[in-house]
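Walk through this structure strand by strand, then turn to its charges and its surface. Keep the 3D view open as you read.

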Amino acid sequence: SHSRQCCDAVAMAGEPKPVCACKGIRSCLLCEGPGKTGSRDTAQPLRFIYEPRSGRAVRAEGGQRHSFELPGVLLLEEFVSEEEEERLVSTMDRDPWMDSQSGRRKQDFGPKVNFKKQRVRLGGFSGLPPSSRELVQRMEGRPGLGGFLPVEQCNLDYCPRRGSAIDPHLDDAWLWGERLVTLNLLSDTVLTLSRGGAEAGGGE
């Protein structure tokens, strides 16, 4: 998937208030309103930061360093150049963005999926966008990514002013396999891994 952080969907003074696409327990700043926090978890767990060189999650506290191995995580910095990033974003913005839950916007390129019944229907899907095929080919030459075959591509737009977020969840290995690849664009990005309490399936 491609993730980016920018925002151009907030109403200016005198304009109608944007309508969000949140459902059930999902929420964003548009539907929560001022001073509300919806279902957001405000607990502060112990935080460890992943170190790409050592492959360990590290926490420094009171002059002591605590760490543990974090297998299965691969972080490649500067995978695309600034020129490629600009070109990719420009290409994305030529297609319409659809409002999604928790303040996100999205573009889906893939088959139709029924997560409850674990069924896939190709529909009109004929492959990834041309702009992404070169990136997939480049991945072949990177350790840990050889033989990776994407099933779909989901472009996600995260906007701080909308309170864009995604709740902890377990992705469906029956559909995506054991490897998920995310390309983050336009801003610093934080991916949080947590233990327990995650919902299974249907993640974006």
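Two strands count as paired if DSSP finds at least two bridges between them. Keep that rule in mind for what follows. The model is predicted.

Start with β6, residues 105–109. Strand β5, residues 98–99, pairs with β6 in the antiparallel sense, over two bridges. Met 98 has Lys 106 of β6 as its bridge partner. Five residues lie between the strands of this hairpin. Among them, Ser 102 takes a positive phi near 55°.

Now look at the pairing of β6 with β9. Strand β9 covers residues 153–158. Five bridges join β6 to β9, and the two run antiparallel. Phe 109 stands opposite Gln 153 in β9.

Arg 105 and Asp 157 form it, with their closest N and O atoms 2.6 Å apart. Arg 105 lies in β6 and Asp 157 in β9, so the pair ties together parts that are 52 residues apart in sequence. Are these two residues buried or exposed? Arg 105 counts as buried, at 12% relative accessibility. Asp 157 counts as buried too, at 3%. The cut-off for buried is under 20%.

The whole structure holds seven salt bridges. Another one of them joins the side chains of Arg 56 and Glu 69, at 3.9 Å from N to O. Arg 56 sits in β3 and Glu 69 in β4, so this pair connects parts 13 residues apart in sequence. Arg 56 is partly exposed, with a relative accessible area of 26%. Glu 69 is exposed, at 60%.

Next, go to helix α3, residues 130–139. Here Arg 138 forms a salt bridge with Glu 134, and the closest N and O atoms are 3.6 Å apart. Why is the separation about one helical turn? Because Arg 138 and Glu 134 are four residues apart in the helix. Arg 138 is partly exposed at 23%, and Glu 134 is partly exposed at 48%. Glu 84 joins them in a network of salt bridges.

Finish on the surface. Glu 77, Glu 78, Glu 82, Glu 83 and Glu 86 gather there in a patch of negative charge. Glu 78 is found in the loop between β4 and α2. Glu 78 is exposed, with a relative accessible area of 72%.

Leu 46, Phe 48 and Phe 68 make it, and it covers about 290 Å². Phe 48 has its place in the loop between α1 and β2. Phe 48 is partly exposed, with a relative accessible area of 30%.

Note on methods. Residues numbered from 1 in each chain as written. Predicted model: local features only at pLDDT ≥ 70, side-chain atom pairs only at ≥ 80, totals over all residues. Heavy atoms only, no water. Patch = residues over 30% accessible without salt bridge, like charges linked within 9 Å, V, L, I, M, F, W, Y side chains within 5 Å. Areas by Shrake-Rupley, 256 points an atom, 1.4 Å probe, with all protein chains shown as cover. Salt bridge = Lys/Arg side-chain N within 4 Å of Asp/Glu carboxyl O. Lys, Arg positive; Asp, Glu negative; His and termini not counted. Charge placed at Lys NZ, Arg CZ, Asp CG, Glu CD. Buried < 20%, exposed > 50% of the residue type's maximum accessible area, 1.4 Å probe, protein only.
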